[in-house]
Amino acid sequence: MTITLQSRKVGGVWTPRATGQKVVYSGGGSANRAAARAVCANLVEKVEWRSMIDVDLVGYDDAPTKTYSPVASLYCG
């Protein structure tokens with residue numbers, strides 16, 4: 001599983017800010033998740049953020065489709 005944290009100025013282009021990868025096995029729990037983290041550098045500028053999630057199943061062909069989280073507007077440039 002790969003998760004990419006993306007940001008953009010309102011109306012701009014999505015830019016990757018941080019990426020996390022992890023091999024995740026079936027079942028639940030906090031040990032079975034990937035995380036990406038970015039530090040706020042500008043607390044005055046309002047920026048849109050989202051996560052892009054890509055899951056690849058080992059040994060299987062998969063579609064190039066990615067899942068995106070809802071957009072959040074934060075003062076974190």
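This is a predicted model: local features need pLDDT of at least 70, side-chain atom pairs count only at pLDDT 80 or more; totals for chains, interfaces and linings use all residues.
User: Which residue in strand 3 does glutamine 6 stand opposite?

Analyst: Glutamine 6 stands opposite arginine 50.

User: OK. How do strand 1 and strand 3 pair, parallel or antiparallel?

Analyst: Antiparallel, over 7 bridges. Strand 1 covers residues 2–8, and strand 3 covers residues 46–54. Arginine 8 also has a partner in strand 3, namely glutamate 48.

User: And how many bridges join strand 1 to strand 2?

Analyst: There are 6, and the two strands run antiparallel. Leucine 5, for instance, has alanine 18 of strand 2 as its bridge partner.

User: What do strand 1 and strand 2 form together?

Analyst: A hairpin, with 6 residues between the strands. Glycine 11 sits in that turn and has a positive phi of about 80 degrees.

User: Back to strand 3. Which other strands does it pair with?

Analyst: Strand 5, residues 72–75, pairs with strand 3 over 4 bridges, antiparallel. Strand 4, residues 67–68, is joined to strand 3 by 2 bridges, again antiparallel.

User: Which residues face each other there?

Analyst: Tryptophan 49 stands opposite alanine 72 in strand 5. Isoleucine 53 has threonine 67 in strand 4 as its bridge partner.

User: Is strand 3 mostly covered or mostly open?

Analyst: Mostly covered. Of its 9 residues, 7 are buried. Strand 1 is mostly covered too, with 6 of its 7 residues buried.

User: Why does aspartate 54 count as buried?

Analyst: Its relative accessible area is 16%. The cut-off for buried is under 20%, so aspartate 54 qualifies.

User: What does aspartate 54 touch?

Analyst: Met1, Thr2, Thr65 and Lys66. That leaves out residues up to four places away in sequence.

User: Which residues line the largest pocket?

Analyst: Met1, Thr2 and Asp54 are among them. The lining also includes the run Gln21, Lys22, Val23, Val24 and Tyr25. Val55, Asp56, Leu57 and Val58 complete the list.

User: How does that lining divide by residue type?

Analyst: It has 7 nonpolar, 2 polar and 3 charged residues. Asp54 is part of this lining, and two of its contacts, Met1 and Thr2, line the pocket as well.

User: One more residue. Where is asparagine 32?

Analyst: In the loop between strand 2, residues 15–21, and strand 3.

User: What does asparagine 32 touch?

Analyst: Val24, Tyr25, Ser26 and Gly27, not counting residues up to four places away in sequence.

User: Last topic, confidence. What is the mean pLDDT of the chain?

Analyst: The mean is 86, and 97% of the residues reach 70 or more.

User: Which elements have the lowest and highest mean pLDDT?

Analyst: Strand 5 has the lowest, at 90. Strand 1 has the highest, at 93.

Key: Residues are numbered from 1 along each chain as its sequence is written. Side-chain values use heavy atoms; hydrogens and water are left out. Buried means under 20% relative accessible area, exposed over 50%, partly exposed in between (1.4 Å probe, protein chains only). Contact means heavy atoms within 4.5 Å. Two strands pair if DSSP finds at least two bridges between them. On a 1 Å grid over the protein atoms alone, a cavity is a set of points where a 1.4 Å probe fits but cannot get out, and a pocket is an open set with protein on both sides within 12 Å along at least five of seven lines; lining residues have an atom within 4 Å of a point. Ala, Val, Leu, Ile, Met, Phe, Trp, Tyr, Cys and Pro count as nonpolar, Asp, Glu, Lys and Arg as charged, and the others, Gly among them, as polar. pLDDT is the predictor's confidence in each residue, from 0 to 100.
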